[in-house]
Amino acid sequence: MSRRLVLGGAVLAATATLTLGLPAAPALAAAPALAAAPALATAPALAAAPAPGKVAGELFRAWLAGDRAAAAGVATPAAVRTIFGYAYRAPDRFDGCSRGVCRYVHTSVRVPGGLNGIAMAVTGSKVTKVYLSRHVVRPSAAAGHLFAAWKRGDRYAALEVGAEDAVRTLFRVRYDPRGVTHHFQGCAKEPKGYACAWSYEGGAMFMHVRGSTARGYDVRSITYTAD
């Protein structure tokens, strides 16, 4: 796999005391000097957490170099394993960070799903989770991955195998574990690919899957029917 892809000080004037011939008052004993308060120890400066983009960039460069040791310094073991399993060539553009998730996207190749590359969730100085466009070789696996991501409420995981429109449609309603039970009914061929169905009381949901074993499958759209 090819991986070639920034006060001014104010001066007080001394005022002379006029005695006008009065006898001088006896000199007052000088008050003992107050001991200076010990200097407070300077609190050690708190090290600021690096910006998410910097952390993500270090992992990305370590991956491009094939350096797992360097990657382990800025990412969790699970994140390292995930990024080193990426099936496609390296994304070629940094797409910025939003709420601690930084993305690298493809501009010259097309990959399955709406993620279009790699996303890294950064916490503090570590990449704690990596999402990536997946090479799924069975329609049912793509549909199952998307359904599981919906159950967890994880949009980035959903985009790994689902087009943006499909994910948007699915996530319009939050999965309710106390709601209707979905029963997977398998996948059947349709004119341009496969329809993978879940039935539930009152209707059914169909995930329309496209692609091939060589390219990988993803869910392009979702439709519903009512009983």
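# Disulfides and strands: the reasons behind the labels

Q: Why is the disulfide of Cys97 and Cys102 called right-handed?
A: About the S-S bond of Cys97 and Cys102 the torsion is about 105°, so this disulfide is right-handed. The structure is a predicted model, in which local features need pLDDT of at least 70 and side-chain atom pairs count only at pLDDT 80 or more, while totals for chains, interfaces and linings use all residues. Residues are numbered from 1 along each chain as its sequence is written, and side-chain values use heavy atoms, with hydrogens and water left out.

Q: How do you know that a disulfide joins Cys97 to Cys102?
A: The term requires a pair of cysteine sulfur atoms within 2.5 Å, and for Cys97 and Cys102 the S to S distance is 2.0 Å, so the pair qualifies. Searching the whole structure gives two disulfides, and the other is formed by Cys187 and Cys196, whose sulfur atoms are 2.0 Å apart. This link of Cys187 and Cys196 is right-handed as well, with 105° about the S-S bond. With bonded cysteines counted along the chain, the pattern is 1-2, 3-4.

Q: What does β3 form with strand β4, and what marks Gly124?
A: β3 and β4 (residues 126-132) pair in the antiparallel sense over six bridges, with Val122 opposite Val127 in β4. The two strands form a hairpin with two residues between them, and Gly124 in the turn has a positive phi of about 65°.

Q: Why are β5 and β8 called edge strands?
A: The open sheet holds four strands in the order β5-β6-β7-β8, with antiparallel pairing. Within this sheet, β5 (183-190) and β8 (216-226) each pair on one side only, and these are the edge strands. Strand β6 (residues 193-200) pairs with β7 over seven bridges in the antiparallel sense, and Tyr194 stands opposite Val209 in β7.

Q: Why is Arg210 called buried, and what lies around Arg210?
A: Arg210, which is found in strand β7 (residues 203-212), has a relative accessible area of 18% and is therefore buried. Contact means heavy atoms within 4.5 Å; leaving aside neighbours within four places in sequence, the residues in contact with Arg210 include Glu190, Lys192, Tyr194, Tyr217 and Asp218. A polar atom of the Arg210 side chain lies 3.2 Å from the backbone oxygen of Lys192.

Methods: Buried means under 20% relative accessible area, exposed over 50%, partly exposed in between (1.4 Å probe, protein chains only). A polar contact is a pair of N or O atoms within 3.5 Å; within protein, one must be able to donate a hydrogen and the other to accept it, and residues adjacent in sequence count only if both atoms are side-chain atoms. Two strands pair if DSSP finds at least two bridges between them.
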